[in-house]
Amino acid sequence: MQALAERLEETVGGATFEAAIPISFSALKTYAPTPECLTGRTLVSVGRRGKYVLLDFVGPRIVFHLSQGGRVDVESPPRSTRPKFGVVRFLFDGRPSVLVKEYGTERKAGWWVLAAGDEGPLAGLGPEPFSDEFAELILDGADGRRVHTLLRKQSTVAGLGRGYTDDSLHRAGVSPYASLTSLKPSERQALLDAIRAVLTDGLEAERRRTGGLPTKVGDHWVVHNRHGTPCPVCGDGLRRVSYESYEVTYCPACQTGGKVLADRRMSRLVR
Ligand SMILES: [Zn+2]
């Protein structure tokens, strides 16, 4: 989202806002202010908070969240079609239009028009991973939950999610089931460094894109969703723990001292 925000800033930053054309009507999560009240305003910056993209009009803001299947097209010249998977199109005077699309089935992309001072969906977000507040949480925090639970929750740290969490824990050599309080100071520091390094690598990879966010994003995960393939560090097979709607990927040799964590999918086979 950071790299996408940077590209949108380049494309439509400083532009005069013309209109937001809703295509999927349930996607707009706010009633007031209306999108129309932004017409004629200057888009002063495009930013990011957690996984939300922020269009800032000095005071009011548009915020959108792509969820799992959301994508963005930068349309030059601007278009007026109503594509099947469209969510909303933003029009700017003399600039490309920006189309938000949705291919997901489960969790839908959404957008908000927020008055000055209204945090809307941003209110519950935890600190950014590069903030001092987050460093303090990892280095000194007494949270007893599993680190994997802690890190993928947007209320603890904004914008990490499952993919970066799997990869960060693998890079740090920390078990997804470890708690912060069970880690030595050096392990906590390694975890913080790994999280930031993984995010920096991810941002570099994403910055190589141009335009919006394509339908086939591919990915650059090192271990996330790669169970059954060799660990890139030690060559052992990566394992997973499956939950209803996601899975945790890890390397037993690198992260759990060789211990294989119970997986309900496996135990069902065994039974
Ligand atoms: Zn390994």
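How exposed is R240, by relative accessible area? R240 is partly exposed, at 22%. The views below show a predicted model.

**View 1. The salt bridge of E247 and R240.** The two side chains meet at 3.0 Å, N to O. E247 has 13% relative accessibility, so it counts as buried. R240, at 22%, is partly exposed.

View 2. D73 pairs with K101, with the closest N and O atoms 3.0 Å apart. D73 is partly exposed, with a relative accessible area of 26%. K101 is buried, at 8%. E75 and R89 form a salt bridge at 2.7 Å, N to O.

**View 3. A salt-bridge network of R48, R49 and E128.** Salt bridges link these three residues. The model's salt-bridge count comes to ten.

**View 4. Helix α4, residues 161–172.** The helix has twelve residues and reaches 16 Å from first C-alpha to last, close to the 16 Å expected. Ten of the twelve residues are buried, among them Y164, D167 and H170. L169, also in α4, is buried at a relative accessible area of 1%. Its C-alpha is separated by 28 Å from that of A109, 60 residues away along the chain.

**View 5. A negative surface patch.** D132, E133, E136 and D140 gather here. D140 lies in helix α2 (residues 132–140). D140 counts as exposed, at 59% relative accessibility.

How values were computed: Residues numbered from 1 in each chain as written. Predicted model: local features only at pLDDT ≥ 70, side-chain atom pairs only at ≥ 80, totals over all residues. Heavy atoms only, no water. Patch = residues over 30% accessible without salt bridge, like charges linked within 9 Å, V, L, I, M, F, W, Y side chains within 5 Å. Areas by Shrake-Rupley, 256 points an atom, 1.4 Å probe, with all protein chains shown as cover. Salt bridge = Lys/Arg side-chain N within 4 Å of Asp/Glu carboxyl O. Lys, Arg positive; Asp, Glu negative; His and termini not counted. Charge placed at Lys NZ, Arg CZ, Asp CG, Glu CD. Helix = DSSP H or I, 4+ residues; strand = E, 2+ residues; numbered from the N terminus. Buried < 20%, exposed > 50% of the residue type's maximum accessible area, 1.4 Å probe, protein only. Expected span 1.5 Å × (residues − 1).
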